Amino acid sequence: MARWRTPLHEEHVRLGARLVDFAGWDMPLHYTGVVHEHLAVRNGVGVFDVSHLGKLFVSGAEAQSALAFALTADVSGLAAGRAAYSLVLDDGGGCIDDVFVYRLDGRRWTIVPNAANVSAVAEAVSSAGGDVIDERDHWAI
């Protein structure tokens, strides 16, 4: 069984989802079948639980400079409540992950990395001087 469960886990179980391990999360693969669900989304609406995505909170006096070092996007001009799409780079310029970064206020940010890369993104930002808190199992998306 997976380590983490999204806040919607019990609802997935109640609805009969086939659950699989995905990057340490117990996630629904499908409910009634691929074709039926494809047609339901094409003709109506679909909802995807992405609560398995990372939720990293970055704060402190060095947060913005750490993000400037670790990310490809210039987030210095983001207003509070706004987001940017970016890449997180390693020291050699290689891509660790693609992320969304949100500015909460002048000294606090949230980064949403892919589930499998949370630790690597947290390390890249913290090694650049950011105070990073991993809140992936406390927030739903």
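The legends below describe close-up views of a predicted model.

Residues are numbered from 1 along each chain as its sequence is written, and side-chain values use heavy atoms, with hydrogens and water left out. Because the model is predicted, local features need pLDDT of at least 70 and side-chain atom pairs count only at pLDDT 80 or more, while totals for chains, interfaces and linings use all residues.

**View 1. The aromatic pair of phenylalanine 57 and tryptophan 139.**
The structure holds three aromatic pairs, among them the pair of phenylalanine 57 and tryptophan 139, which is tilted, with 5.8 Å centre to centre and 40° between the planes. Rings of Phe, Tyr and Trp (its six-membered ring) pair if their centres lie within 6.5 Å; planes under 30 degrees apart count as stacked, over 60 as edge-to-face and the rest as tilted. Phenylalanine 57 sits in strand E4 (residues 56-59) and tryptophan 139 in the segment after strand E8 (131-134), so the pair links distant parts of the chain, 82 residues apart. Helices (H or I, at least four residues) and strands (E, at least two) are DSSP runs, numbered from the N terminus. Phenylalanine 57 is partly exposed, at a relative accessible area of 22%, and tryptophan 139 is partly exposed at 46%. Buried means under 20% relative accessible area, exposed over 50%, and partly exposed in between (1.4 Å probe, protein chains only).

Lysine 55 lies in the loop between helix H2 (34-43) and E4. Lysine 55 is buried yet has no salt bridge. A salt bridge is a side-chain nitrogen of Lys or Arg within 4 Å of a carboxyl oxygen of Asp or Glu. The nearest side chain of opposite charge is that of aspartate 49, 7.4 Å away; Lys and Arg count as positive and Asp and Glu as negative, while His and the chain ends are not counted. A polar atom of the lysine 55 side chain lies 3.2 Å from the backbone oxygen of arginine 136. Leaving aside neighbours within four places in sequence, lysine 55 is in contact (heavy atoms within 4.5 Å) with residues including Ile111, Pro113, Ile133, Asp134, Arg136 and Trp139.

**View 2. Serine 51 and its polar contacts.**
Serine 51 is in the loop between H2 and E4 and is buried, with a relative accessible area of 1%. Its side chain joins that of aspartate 49 in a polar contact of 2.8 Å. A polar contact is a pair of N or O atoms within 3.5 Å; within protein, one must be able to donate a hydrogen and the other to accept it, and residues adjacent in sequence count only if both atoms are side-chain atoms. The side chain of serine 51 also reaches the backbone nitrogen of isoleucine 141 at 2.9 Å. Leaving aside neighbours within four places in sequence, the contacts of serine 51 include Thr6, Pro7, Trp25, Arg136, Trp139 and Ala140.

**View 3. Salt bridges.**
The structure holds four salt bridges, including those described here. The side chains of arginine 14 and glutamate 11 meet at 2.6 Å, N to O. Both residues lie in helix H1, three residues apart, about one turn of the helix. Arginine 14 is exposed at 58% relative accessibility, whereas glutamate 11 is partly exposed at 36%. In another salt bridge, aspartate 105 and arginine 108 meet at 2.8 Å, N to O; aspartate 105 is partly exposed at 28%, and arginine 108 is partly exposed at 40%. The salt bridge of aspartate 134 and arginine 136 has an N to O distance of 2.7 Å. Aspartate 134 is partly exposed at 32%, but arginine 136 is buried at 11%.

Three strands form an open sheet in the order E1-E3-E2, with mixed pairing. Strand E1 (4-5) and E2 are the edge strands, each pairing on one side only. Two strands pair if DSSP finds at least two bridges between them. Strand E2 (residues 18-22) and strand E3 (residues 25-30) run antiparallel and are joined by five bridges. Leucine 19 stands opposite proline 28 in E3, and valine 20 stands opposite methionine 27 in E3. The hairpin of E2 and E3 has two residues between the strands, and alanine 23 in this hairpin takes a positive phi near 50°.
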